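I am opening a notebook on this structure and writing down what I looked up, entry by entry.

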Amino acid sequence: MKISGNIQKNYPAVFMLIAVVTALAACKKGFLDRDPQGRYTSDTYPYPQGSSPFDQYVFAAYGALRSYNVSATPFIAAVSIRSDDADKGSTPGDGGADAQDMDNFPVSPSNGMANGLWTGYFDLINKCNIVMDQVANNEEITASDEIKRQSLAEARFIRAYGYFMLVRLFGRVPLIDTVTGTSANIPQSAPGVIYPFIEKDLQYAAANLPLSWDARFVGRATQGAANGLLAKVYLTEKKWGMAMDAADLVIQSGQYDLSTPYDRIFGEDGENTRESVFEIQATADATTPTDYGIQYASVQGVRGTGSWDLGWGWNTPSTRLLYAYEDGDPREARTVLFTSTPGHPGLTIYGEVTPLGLPNPRYNNKVYTNPAMRNEVGNRGGYWMNVRVLRYADVLLMYAEAANEAGNTAAALEKLEMVRARARGDDANILPEITTTDQHQLRQIIRHERRVELAMEHERFFDLVRWGVAADTLHAAGKNNFSGSRDNLLPVPQAQIDLSKGELTQNPETRTS
Amino acid sequence: MILRKCLLIIALLCGFYRYAHAQQALKGTVQDSTGAPLAGVTVHVKGATTGTGTDAGGNFSLSVPADAVLVFSYIGYQTKEVPVGGQTTLKVTLSSSTAQLQQLVVIGYGTAKKVDLTGSITTVKGEDLARMPATNPVSSLQGKVAGLTIVNSGRAGTSPTVRIRGVNSTNNSNPLYVVDGVFQSNIDYLNPADIESIEVLRDPSSIAIFGLQGGSGVIIVTTKRAAKGETRINFQSNVGVQHVTRKIDVADAAGFKRLYNAQRENLGDDPFDFSNYTANTDWQDLILRDAVINTNTLSISNSGDKTTTYVSLGFNNQDGVLKYDNYKKYIARINEEITINEHIKVGADLTGFYWSQQTPGADLNNALWAAPVVPVKAADHLYYSMPSFQRAQVGNPVARLDQNTGNAINNGYRAIGNLYAEIKFLQHFTFKSAFYADLGFDNNRSYTPLPFRYINIAEGDAATDTTFDETARTSVAQTQTQNRKFQQDHTLTFDETFADKHHLTVLAGFTTLYSSSMNLTGNRKDTVLNIPDNPIYWYLDISNQRNPGTYGGGGGEEAYMSFLGRVGYTYREKYLLNATFRRDGVSKFSPAQRWGNFGSLGVGWVASEEPFFKDHIKGIDFLKFRGAWGQVGNALGTDNYLYLPVLNIADVGVFGDNVYPSVSPKYIPDPRLHWEVVNGIDLGLELRALDNRLSADINFYNRTTKDILTYVTLPGTAGNYSYYTNLGDISNKGVEVSLGWSDRIGKDFTYSISPNFSYNENKVKSIGNEIDFELLGNGGVNRTATGSSIGYFYGYKQTGIYQSEEDLDRMPHLSNSRPGDIAYANLDGDTAITPGDRTYLGTPFPKLNFGINLSFGYRSFDLLIEGQGVAGNKIYTQRRNVNFAVVNYETNRLKAWTGPGTSDVEPILDNTRSNNLLFSSYFLEPGDYFRLRTLQIGYTFRPQMKWKTGIRQLRVYLSGQNIKTWTKATGYTPEAPLDNPIASGADNGVYPVPAVYSMGVNVTF
């Protein structure tokens, strides 16, 4: 009696609990459906209305151009420190074997910078493929064909830049032209396959990019950038006539000239002038001193202390480069920043005296930042410096080189003189006009002009390989370990071969040497 | 003071009670079947609230009515009722043979008699944890449970890494903690002294009831409740000093100068100008210290007919051995249970937790790397900078310590509570509902002061100068994090014994779990004023909004829902059967993938209950065979939303000085993502023999994890995305043995010896068909491949050093090997050392874990000795493979090769030779160790003294922990991190595990 009475008394409580349970069970679908908090997915992103609804994907590709691997240490080491114009710099052991091997060869398959270049450029390419995938497959975004072509053109321009770097760095690389996700593990393609792919991308880009952008988008890829890069691709393939044609399209476009004095090109105020064909854009302010910038200038900055701690002091101009300048060539002073020695103060372009006893006698003056900007941003690393990928002078010299190789000496001399005339400025006593019509002689002169005009600017190593003189030149510069057949290319990173389960193969020369 | 008042009141109340009833005084002793006194036995008068407990000598005294019946109860022993019958002294023996049979073990959603278990569960008593000088209760489990691997850290407030039966997954292998029913990922918020017991559930049949979250094992924690029929006040305190016994042996100034100049010579450079570097600084000494650890707990428990109450206050304070490292926790608990009538019981638990932490400004690696030739400081705010060859990468360790000291306030609050009601009806049914909430709020305020001035000592052309970073400005930052968790459990239990021999328990339940988090962070730099170094100013609004700053915030949530059931059946406590089922749904996976069914089946046979056994087998008191199979899921540690294409919007497009948003995939989503499935069988034997003096518990297990959840590194061609997916099968096979022997010699001497060890063999059976690339960790150092242990070390095998050009001519070598370089074994049969010569070099996971506990008692003295160790693993001394700058050398480099015949182990001093940096056995050292974990001697005061002080029991003890470690490893501790299964075992400067010398007191009133 007592028990049952109690049960009856307790029934309400029991039923209440059962009701709670049932109610919770009934709403089971909603309970487990949890949308991401504070994050967009590709289905929920509120695509902006504006110039192109695909811009948010295109901008991710531009963003990848600023990355450490694509535009900072690994890039600088591969394109400049490997050459005879630059030394690793800094203190002897700094950077260890990875850095030392980039300077003195051979580069080991375990080299972290080689792996960085591989992953960095493929990430860049991947971001371009995403743009192309979105344009082709995203049915929720409505856009005109013209807009679609423009977005595709930008993506293909950046992708071509990525592959052009990869093919010159590594030779054979996998050709990834779609969003592959996890099935990206494919074998390498020969340069003979990669180059036509790059050409097609750039031809498409040149045909569909605008001549210029308004101030809001200064520095976006243009027709001129695509043609200029295409000229360099043709030049590398020794397609002289096509290189001339592509370069000529840039020259005739009316967008570029040599009005910017040489000593202004490289500073903050020289960004995006009429000299600039393509620059990787960077910016910084006190709120975001590094995030929207590039570590490019910081890696090469003066390795001092206190307010002279401007960076790592890597990629310093070599003595060989100093000797390369003709007497009185003012470009030397804008390229090389000297460390003060007792009785010989080194002066910056802003009139400061460099300290005594820095670890290196010289630094790359082209990345020297404005001290006022350092104070304004509250950072000495110069993350705001754009990377000059393609300058008008480079286009002119490419034209000159191609013309000379094609036998059109007169056209070559004309373009060469344009570049020398600007360097000469008002001083008639220096850098005399070249008049030789001997093709061989002119070839050497144009090569020399390229070297000094573009010194420390990412061209020298690739130029040496392209001209087939890398081994001789580097041996003359004391880099005796350099073996042309092996070291013209970087080894395929062992980390990537390992990840690929053997799908990727090592370059034959690296494998057997 | 307060304590004394309480005692007075309680004493008065007791006295009043005594005089209010005409009663007689009764004295007695309680012992076990061997005659050993039993301490802590609860003695209470049946049907009344009067009660007491026995002291260390087993003695009790009580005033009772002459016709009273006394109830003696003790965990693990059979409760005994004794009528007083007018006696004034009693001698009671609690039967120890049935004790173990009656021992209750906490299992999921209920308890079971230990004898009825068909899985392997090990119980550790809370008192064994509370007497160790540690703020985190998990750390003291080390060496106590077979099959449990614990990696302790000496860093104040850090939770240890726990692995149960090896690594089941390539991903998160942490166990699930269930604290009084609440699912938790850690028990940092618990005070060791508040823990009644910890149950370690290892086999699938025990953990299947926890479904998706239990795949890597479960640790159930039961907190203390009031003991029946008495009021008790307990105070425990422990204070100790932590001391780093093993420092890493680095070169002194003279050694460094010699080695660096030798390196420069090898690189073709002139000797470095050390003429002004005259100091000899031991940086480790300057950032390490002897540190205090202190734990205190005061608890009061009371139990009456209607209510039981347990209240406790805890305060733990641990200084880390790295200067300024400190962690404090304050814990207040109340557990209350109200019996409304014989059918309804309601209760509530509430824990309030407050912590504060000072993170060390110093960095151990910094101290190892810094050149010993530099003096520390010249004056306040004026320090010496490192020499030019490491100035950019390595700062002055003491300056760094001082710069970062006292600049952050980290603290947090947490409130964990539950409400439950239990209704018994129709005699055999119990319905229980519980609601849990766990709310956490963490705060951080920090300050970046102006930098110090630095003296650059003159080198070569450079004169001594003093520099100061003029662009640096002061800034402040604030962060707030909020965590919320809500859980509800509803269970209906049926429990009935039919015909005195069939015992049936049926459980059905429903549970949900929801958790979410939110964070807000901001910082502001004052470009005009210098914010003072005083915490009262460390708020964002101290600087006006025109000053630069960044702000951020985010959140996340997840939910689980489950239905569960269990059937337990025993026949005459002889044949045992258990079956469990759980259906789980989780928000982490897509609707098509989120529901799964898990379950287990276990059987047992208590052979010693068979008549023939009782008749014919002598000496064996208890023998049980058991076997179980189970299948569980594991989704612990899986991030939310991974099946959805979440975007990364952090990158931007920059044009001129214009910044535009961009999007790119945050990761590569796997829409088919689901939990991993753990299948396992477990065979066990439990034995007690020789009058229960010998006990043995032996388990064999074999379990396979399928569809392992893991983050994989994709080939570079896939872009820079992470990818989380299910892949592969891993098996863990092993044996666990726990033995125990306890006995007494003569009247006064008792002792026990209990060794345990476990052996685990880990093997990757496949890494799946989904991927066509390798699974590599730590940059390729760890490799996970079919047929080997997970994340094994993969590299070259050192055979020696190339002594000369002749060596190079006759031995296979790398293309650029030179004399003085490491010679590697040529294993692939070609003529050179190539990547094909890399091989298995060992596993980071110990195959063997062992522990031994010895305890001795002589009269009132007790002595405890615990040892613990591991074997069969390797440690990667990654801290030595540093190549970004010139850093100080460990003393092994003093023996570096300098010419033919000078060394066959240590390569030439030349950090530009990439061959010697390749991952090889040169960087591995054995991870085996044996550690004297505890040496503790205690004295328990005799009962006579209690009458004067009100003290029932008082134990004081001296304890030493980690006094000595035997190992060949060279780091601060041989316990390299094992938290990421595919990238484990690298010593990158592991925080020291110090020796702790402490003394403590445990007093009960």
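I looked up residues 363–508 of chain A and found their end C-alpha atoms 36 Å apart, with 53% of the span in helix and 5% in strand; helices (H or I, at least four residues) and strands (E, at least two) are DSSP runs, numbered from the N terminus. UniProt, in an unreviewed entry, places the feature "domain: RagB/SusD" at these residues of chain A; its positions are given in the numbering used here, feature names are shortened, and annotations may be inferred rather than shown by experiment.

I noted that this is a predicted model, in which local features need pLDDT of at least 70 and side-chain atom pairs count only at pLDDT 80 or more, while totals for chains, interfaces and linings use all residues. Residues are numbered from 1 along each chain as its sequence is written, and chains are lettered from A and ligands numbered from 1 in the order in which they are written.

For chain A as a whole, I recorded 23 helices and 6 strands, and a C-alpha trace that spans about 120 × 55 × 55 Å along its principal axes. Of its 513 residues, 53% count as buried, a residue being buried if 20 or more other C-beta atoms lie within 10 Å of its own, exposed if 12 or fewer, and partly exposed in between, with C-beta atoms placed from the backbone.

I then checked helix α10 (residues 223–236) of chain A, whose 14 residues should span 20 Å at 1.5 Å a residue, and the end C-alpha atoms are 20 Å apart, which agrees; the expected span is 1.5 Å times one less than the number of residues. In α10(A), 13 of the 14 residues are buried, and just after this helix A:K238 takes a positive phi of about 60°.

Turning to where the chains meet, I found that the contact takes 98 residues from chain B and 92 residues from chain A, two residues being in contact if their C-beta atoms, placed from the backbone, lie within 7 Å. β30(B) gives the most to the side of chain B that touches chain A, with 9 residues.

Last, I followed strands in chain B, where β39 (residues 676–689) and β40 (residues 694–713) pair in the antiparallel sense over 13 bridges; two strands pair if DSSP finds at least two bridges between them. B:G684 stands opposite B:N699 in β40(B), and in the hairpin, with 4 residues between the strands, B:L690 takes a positive phi near 50°. β40(B) also pairs with β41 (residues 722–745) of chain B, in the antiparallel sense over 19 bridges.
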